[in-house]
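The points are grouped by topic.

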Amino acid sequence: MKTDVVVLGAGIIGVSAALHLQARGRSVVLLDRRGPGEETSYGNAGLIERASVIPYAFPRDWRSLLRYAGNRTPDVRYHARFLPRIAPWLLRYWWHSAPSRLARAAAAMLPLIERSVAEHDALKDAAGIGALFRRNGWIDGMRSQQSLDRAAADASALADYGLDYQVLDRQALAALEPSLSPRMVGAIHWRDPVNVSDPGAVARGYAALFQQRGGQLARGDARSLEAVSGGWRVRGVTGPVEAREAVVALGPWSPDVLRPLGYRVPMAVKRGYHQHFALEDGAALSHPVADIDSGFVMSPMTLGLRLTTGAEFAPRDAPPSPVQVARTRALAAQLLPLGEAVEKTPWMGCRPCMPDMRPVIGAAPRHAGLWLAFGHAHHGFTLGPVTGKLLACLMTGQAPDMDPAPYALNR
């Protein structure tokens with residue numbers, strides 16, 4: 001099979017890149033070992049996080065560091081034997097999280113964040129999947145007045161970004177979400193973000209649009225990518241795929257493909273889990289709600305209430321160890337009447353994270369026709385369509401909406 005571009009990875013990033021390349025006249029094959037949206041893009045809180053203008057930084061205050069060192073928190077967990085391996089990356093992450101460098105990372109990410117909702121809107125309208133999208137924002141909930149006061153001050157400090165939010169006391173929060181326990185004393189309601197009822201279905205909907213427009217899906221092993229005369233070749237289940245250009249959009253597996261080509265990508269993964277639960281006693285939730293004091297999110301999804309955990313630092317391919325799910329379930333049960341789990345076992349995925357808190361988007365520096373789009377950390381679902389548009393502009397010679405330099409691999 002011959003094509004203009006082969007996109008490796010059918011998650012939200014790869015599918016979006018394929019659609020935008022297709023819209024610019026390129027023939028595209030979208031290749032993955034599984035179906036669209038079945039890996040990292042499947043497991044998230046379903047947020048298009050327009051309000052997340054400050055990246056998730058490494059904590060720098062000693063109280064937080066001591067808290068995490070005990071390895072008993074629901075929001076961060078680590079495998080002790082893995083710490084020596086990931087320590088150099090964590091040190092770089094900590095270094096980039098200094099206030100001045102964090103400000104630079106926020107400035108670099110802002111053009112992507114600002115366009116995140118609009119670019120999703122364009123694709124979901126074309127795909128006819130608007131019913132999956134809810135425009136009611138999301139809620140940061142707090143269990144103490146001290147936490148609420150601190151969150152309100154932090155939100156006020158973002159005034160220059162023009163974000164739409166409301167500080168809710170207990171009465172106002174109860175009016176929005178009457179099923180929530182009074183243990184949650186107040187919240188910040190962020191109104192700019194959009195949320196969805198099934199992130200995997202969104203990725204599948206975008207992939208269906210890609211196919212309707214003539215794009216081809218293929219199963220294959222992205223690790224077989226090799227440079228050949230005139231471009232690139234990768235092994236597909238039904239035969240080789242040859243293309244003038246290739247896009248690596250494999251999230252946490254991207255370094256596996258790039259390492260044989262001589263690239264050493266300073267990327268780590270934050271593993272995360274989710275599980276769906278029924279709600280009892282007629283309870284319901286209409287917004288995603290984050291328990292800020294405990295570090296998890298409860299999102300109303302098609303399958304039930306999805307509990308999503310924080311970060312687990314462990315080898316990418318190590319067996320699941322869903323301790324955080326058990327801790328999260330107990331804490332969530334204090335806020336809502338949880339029923340039975342929908343799935344027998346929790347789902348696990350890996351967030352691909354760069355130490356400077358910005359993704360890699362652009363050309364591979366040493367190989368013509370090789371392009372990169374990965375490393376979006378907590379915001380892969382949010383930034384899929386805007387990343388796809390930026391990459392497609394760069395690949396087709398169109399003027400992009402933003403400066404791509406902050407996302408170059410050799411930055």
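**Helix α1 and its packing partners**

Helix α1 crosses helix α5 in a left-handed sense. The model is a predicted one.

**α1 against α5**

- The helices involved are α1, residues 12-23, and α5, residues 116-127, and they pack at an angle of about 70°.
- That angle makes α1 roughly perpendicular to α5, since angles from 65 to 115 degrees are counted that way.
- The axes of α1 and α5 are 12 Å apart.
- On the α1 side the contact is made by Ile12, Ser16, Leu19 and His20, and on the α5 side by Glu119, His120 and Leu123.
- By type, the residues of this contact between α1 and α5 are three nonpolar, three polar and one charged.

**α1 against α11**

- Helix α11 covers residues 380-396 and packs with α1 at an angle of about 40°.
- The axes of α1 and α11 are 7 Å apart.
- The crossing of α1 with α11 is right-handed, whereas that of α1 with α5 is left-handed.
- From α1, the residues that meet α11 are Ile12, Ile13, Ser16, Ala17, His20 and Leu21.
- From α11, the residues that meet α1 are Gly380, Phe381, Leu383, Gly384, Pro385, Thr387, Gly388, Lys389, Leu391, Ala392, Met395 and Thr396.
- The contact between α1 and α11 comprises 10 nonpolar residues, seven polar and one charged.
- Ile12, Ser16 and His20 of α1 take part in the contact with α5 and also in the contact with α11.

- Helix α1 has 12 residues, and the distance from its first C-alpha to its last is 16 Å.
- This is close to the 16 Å expected at 1.5 Å a residue.
- Of the 12 residues of α1, 11 are buried, and the helix is mostly covered.
- The buried residues in α1 are Ile12, Ile13, Gly14, Val15, Ser16, Ala17, Ala18, Leu19, His20, Leu21 and Gln22.

**Helix α8**

- In α8, 10 of the 14 residues are buried, so the helix is largely enclosed by the rest of the structure.
- The buried residues in α8 are Pro199, Gly200, Ala201, Val202, Ala203, Gly205, Tyr206, Ala207, Leu209 and Phe210.

- Glutamate 119 belongs to α5 and is buried, at a relative accessible area of 10%.
- Leaving out residues up to four places away in sequence, glutamate 119 touches His20, Pro385, Val386, Lys389 and Asp401.
- Leucine 8 is part of strand β1, residues 2-8, and its relative accessible area of 0% makes it buried.
- Leucine 8 touches Leu31, Ala222, Leu225, Val234, Val247, Val248, Ala249 and Leu250, with residues up to four places away in sequence not counted.
- Between leucine 8 and leucine 110 there are 102 residues of sequence separation and 26 Å in space, C-alpha to C-alpha.
- Leucine 176 lies in helix α7, residues 170-176, and counts as partly exposed at 28% relative accessibility.
- Beyond its neighbours within four places in sequence, leucine 176 is in contact with Ile139, Leu168, His189, Ser286 and His287.
- Leucine 176 is 152 residues from threonine 328 in sequence and 23 Å from it in space, C-alpha to C-alpha.

**Positive phi angles**

- Aspartate 281 is not a glycine, yet its phi is positive, at about 60°.
- Aspartate 281 sits in the loop between β13 (268-279) and β14 (289-291) and counts as exposed, at 73% relative accessibility.
- Alanine 377 is not a glycine either, and it has a positive phi of about 55°.
- Alanine 377 sits in the loop between β21 (370-374) and α11 and counts as partly exposed, at 23% relative accessibility.

Key. Residues numbered from 1 in each chain as written. Predicted model: local features only at pLDDT ≥ 70, side-chain atom pairs only at ≥ 80, totals over all residues. Heavy atoms only, no water. Axes fitted to C-alpha atoms, helices over the stretch in contact; angles between N-to-C directions. Helix = DSSP H or I, 4+ residues; strand = E, 2+ residues; numbered from the N terminus. Parallel < 35°, antiparallel > 145°, perpendicular 65-115°, else oblique. Left-handed = near helix turned anticlockwise from the far one by under 90°. Contact = heavy atoms within 4.5 Å. Nonpolar A, V, L, I, M, F, W, Y, C, P; charged D, E, K, R; others polar. Expected span 1.5 Å × (residues − 1). Buried < 20%, exposed > 50% of the residue type's maximum accessible area, 1.4 Å probe, protein only.
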